[in-house]
Amino acid sequence: MYLETPPRLIETKVFSAMPEAFRRKGVRTDWADANRPGQPTDCFIEGPSFDASGNLYIVDIPFGRIFKIAADGTWSLVIEYDGWPNGLKIRADGRIFVADYRHGIMELDLKAGRMLPVLNARNSESFKGCNDLHLAANGDIYFTDQGQTGLHDATGRVYRLSPDGRLACLIDTGISPNGLVLDPGETVLFVAMTRDNAVWRMPLMKDGGVAKVGRFCSTFGASGPDGMTMDQAGRLFVAHASLGYVFVFAPNGELIARIKSCAGQSCTNVAIGGTNRDRLYITESVTGTVLVADIGGLK
C-alpha cells in the first residue's frame, strides 16, 4: 500500500546464471518431490551473501550444494553434502553460517571443506525445518524454523541463539516463518511469514523476549514474502516467491518501489552489494539466475 506517490518501478538485469555443467537435469530429489511436485528442478538457488572480497555465496537446496560466484560472474562449487541448505550468512570475521532444512544450524568450514553442526535440535527435539538466519552484531544468531507450517498449522518458530549457547524461542505461532532481518538499531526483528503473505514486526524487549508483534505489511499471491534485507536507511527489501518482484517498504510500511525480475517469478532472497552498496542482488530460484538492480536512486 502507498499513500500519495505510486511505488517506483526498478528493472533488473542478469548478473549470472548457473552454468549448464552444474545443472542436474532429470535428477529427482526428495526435496523437489515435496516442494515442487511434478516440476522439473535442475537447481533451486537461495541464500545470497557477500564475503569481504566481494564474492557472492549462494546455496542450491535440493542438491545440497554451496557455490561461490566471483565478481565477474564465474561460478565455482564450494561444497556438496547430504543436506538441504537454505539460508546462508557470512559474518564480519568471515565465518559462514547456514540454515539447513535437514540438519539445523551449521557452519561451513572453508579450510577443511566440510560442514560443521552448530545446533541440530532443541531439548533433543528435532527442528521442523530451518529456513533462514540473520547474524546480529553481538554474535546472536536469529533463525526461523518453518517446516511445512501455514495457516492450517500456525506453529512455526523464531529462535535466537546466543554466543554462549543459550537458545530462546521468541515465537512459536508463526505462519510459515521464512526470511528475517534486524533493523539498523537491532531493536526490532522483521520476519517474513510466507503463507500469511505478510511481514511481521517483532519489537525486542530488554528481558530478551518480544511483545506487541504485528503485521508490518501484507502482500498477495500463490506464495508470499521470502528472503529479506534492510539498508541503513531502514528500507525493507522483500523478495516475493511467486509474483516476480522484490518490494521495497519505507520504515513506516509504505510501499515505495517494486523491483521487477527479468528472469522468472520466483524471487526468493536478496543481498545488498556493490562498492557503494547501491546494488541489490536477487536469487530467482526456478531459473537458477542471480539478478541485479540499481537501488542507488532510492529516496
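Helices (H or I, at least four residues) and strands (E, at least two) are DSSP runs, numbered from the N terminus. This is a predicted model, in which local features need pLDDT of at least 70, side-chain atom pairs count only at pLDDT 80 or more, and totals for chains, interfaces and linings use all residues. Residues are numbered from 1 along each chain as its sequence is written, while side-chain values use heavy atoms, with hydrogens and water left out.

Two strands count as paired if DSSP finds at least two bridges between them. Step back, and you will see an open sheet of 5 strands with mixed pairing, in the order E1-E24-E23-E22-E21. Strand E1 (8-11) and strand E21 (225-230) are at its edges; each has a single partner strand, so one side of each is left without a neighbour in the sheet. On average, neighbouring strands of this sheet are turned by 25° against each other, direction ignored; the axes behind such angles are lines fitted to C-alpha atoms, for helices over the stretch in contact, and angles run from 0 to 180 degrees between N-to-C directions.

Now let us move to strand E27. Strand E26 (residues 279-284) pairs with E27 in the antiparallel sense over 6 bridges, and Leu 280 has Ala 293 in E27 as its bridge partner. The two strands form a hairpin with 4 residues between them, and Gly 288 in the turn has a positive phi of about 65°. Strand E2 (residues 13-17) also runs antiparallel to E27, joined by 4 bridges, with Ser 16 opposite Val 290. Why is E27 (residues 289-294) largely enclosed by the rest of the structure? Because 5 of its 6 residues are buried, where buried means under 20% relative accessible area, exposed over 50%, and partly exposed in between (1.4 Å probe, protein chains only).

Finally, the cysteines. A disulfide is a covalent bond between the sulfur atoms of two cysteines, taken here as a pair of cysteine sulfur atoms within 2.5 Å. The structure holds 0 disulfides. For Cys 43, the closest cysteine sulfur is in Cys 267, 14 Å away and therefore too far for a bond. Cys 267 is in no disulfide either; its nearest cysteine sulfur, that of Cys 262, is 9.2 Å away. Cys 43 is buried, with a relative accessible area of 1%, and Cys 267 counts as buried at 1% relative accessibility.
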